[in-house]
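Trainee: Could you take me closely through one part of this model, the nonpolar core, and tell me which residues and elements build it?

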Amino acid sequence: MTEKIRVAVAGAAGRMGRASIRTVAAQPDMVLVAAVGRTALVGTDAGTAAGMRPLGVAITSDLEAALTADVLVDFSPGPAAARHAAAAVPAGISPVIGGTGLSASELTDLAGLCEARGVGAVVAPNFAVGAVLMMEFARQAAPHFPRVEIIELMRSSPHAGFHFTFLISSSARWRRPACSRLMNHCSVARKITG
Ligand SMILES: NC(=O)c1ccc[n+]([C@@H]2O[C@H](COP(=O)([O-])OP(=O)(O)OC[C@H]3O[C@@H](n4cnc5c(N)ncnc54)[C@H](OP(=O)(O)O)[C@@H]3O)[C@@H](O)[C@H]2O)c1
C-alpha cells in the first residue's frame, strides 16, 4: 500500500482550518498529523473541534508539531502563514497557503526559499478552480501586454484574489512587484497599471 500524505493544518481552529481538517480526514490517501492554532481550541482534539469524530490529534500552538508533515495547509492570516512557511520549507514541507494578505516581499522570500530547497508550494487566496486558473492565465498573459487592467465586479472593496491577480500579473509583466493606483467605485474596483 502506498504511504499516506502526512498533512498538517494551521489556522486549525478557524472556519477554513476546521473545513480543511474535515476534508483531510475524508481522504483515503491523507492523514492529519498536526493541527496548529494560536489560542482558540488549543488542547482540543482536531476532529472534535471540526465537528466530527476525534482524530487523536490535539490542536497545539507549537508549530514544531507540524514539522513532521509532508504538506502544511495554512489558513492563518498571511503574515503568520509566511512565518510558518519559512519554518516548513527548510524542513522539506510543502506549504499550501489559503490565508490571505501575504505581502509581495513575503511571496518573493517564499519563492526564493522554495527554489533553494527544491520544495513546491501553493499560494491560493481563492481556492475556487476558476479563480486559480484565472490567476495563472493572468500570469502567463501579462508579459505580452503593455498594460494590465483588472476589474472585479460586485464587491464594495477589493478582494484578496483581486490583489493577488494584480501582484502576480504585474510581477510577471515587469519581473518585479509593481505599484499602482487603486480606484474603488462602490461595486466596481479597478486596479490599473501602466
Ligand atoms: N483561499 C481561500 O479560498 C479562502 C477562503 C476563505 C478564507 N480565506 C482566508 O483564510 C484565512 C482564514 O479565514 P477563516 O474564515 O478561517 O478565518 P477565522 O475563522 O477567523 O480563522 C482564522 C484563524 O487564524 C488564527 N490566527 C489569527 N491570527 C493569527 C496569527 N497572528 N498567528 C497565527 N494564527 C492566527 C486564528 O486563531 P485564534 O482563533 O486562536 O485567534 C483563527 O483560528 C483568512 O486570511 C481568509 O481571508 C481564504
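Mentor: What follows is a look at the core and its surroundings. This is a predicted model, in which local features need pLDDT of at least 70 and side-chain atom pairs count only at pLDDT 80 or more, while totals for chains, interfaces and linings use all residues. Residues are numbered from 1 along each chain as its sequence is written. The protein has six helices and nine strands, these being DSSP runs numbered from the N terminus (helices H or I, at least four residues; strands E, at least two). Buried residues make up 36% of its 194 residues, where buried means that 20 or more other C-beta atoms, placed from the backbone, lie within 10 Å of the residue's own.

A nonpolar core is a set of buried Ala, Val, Leu, Ile, Met, Phe, Trp, Tyr and Cys residues joined through C-beta atoms within 7 Å, and the largest one here has 39 residues, with Ala8, Val9, Leu32, Ala35, Ala46 and Leu72 having the most contacts inside it. At least two residues of this core come from each of strand E1 (5-10), H1, strand E2 (30-36), helix H2 (46-49), strand E4 (71-74), helix H3 (78-88), strand E5 (94-97) and helix H4 (104-117), and E2 gives the most, with five residues. Leaving aside residues up to four places away in sequence, Ala8 touches Val33, Ala34, Val36, Ala66, Ala69 and Leu72, a contact being two C-beta atoms, placed from the backbone, within 7 Å. Apart from this core lies another, of nine residues, among them Ala142, Val148, Phe164 and Phe166.

Note on methods: A residue is buried if 20 or more other C-beta atoms lie within 10 Å of its own, exposed if 12 or fewer, and partly exposed in between; C-beta atoms are placed from the backbone.
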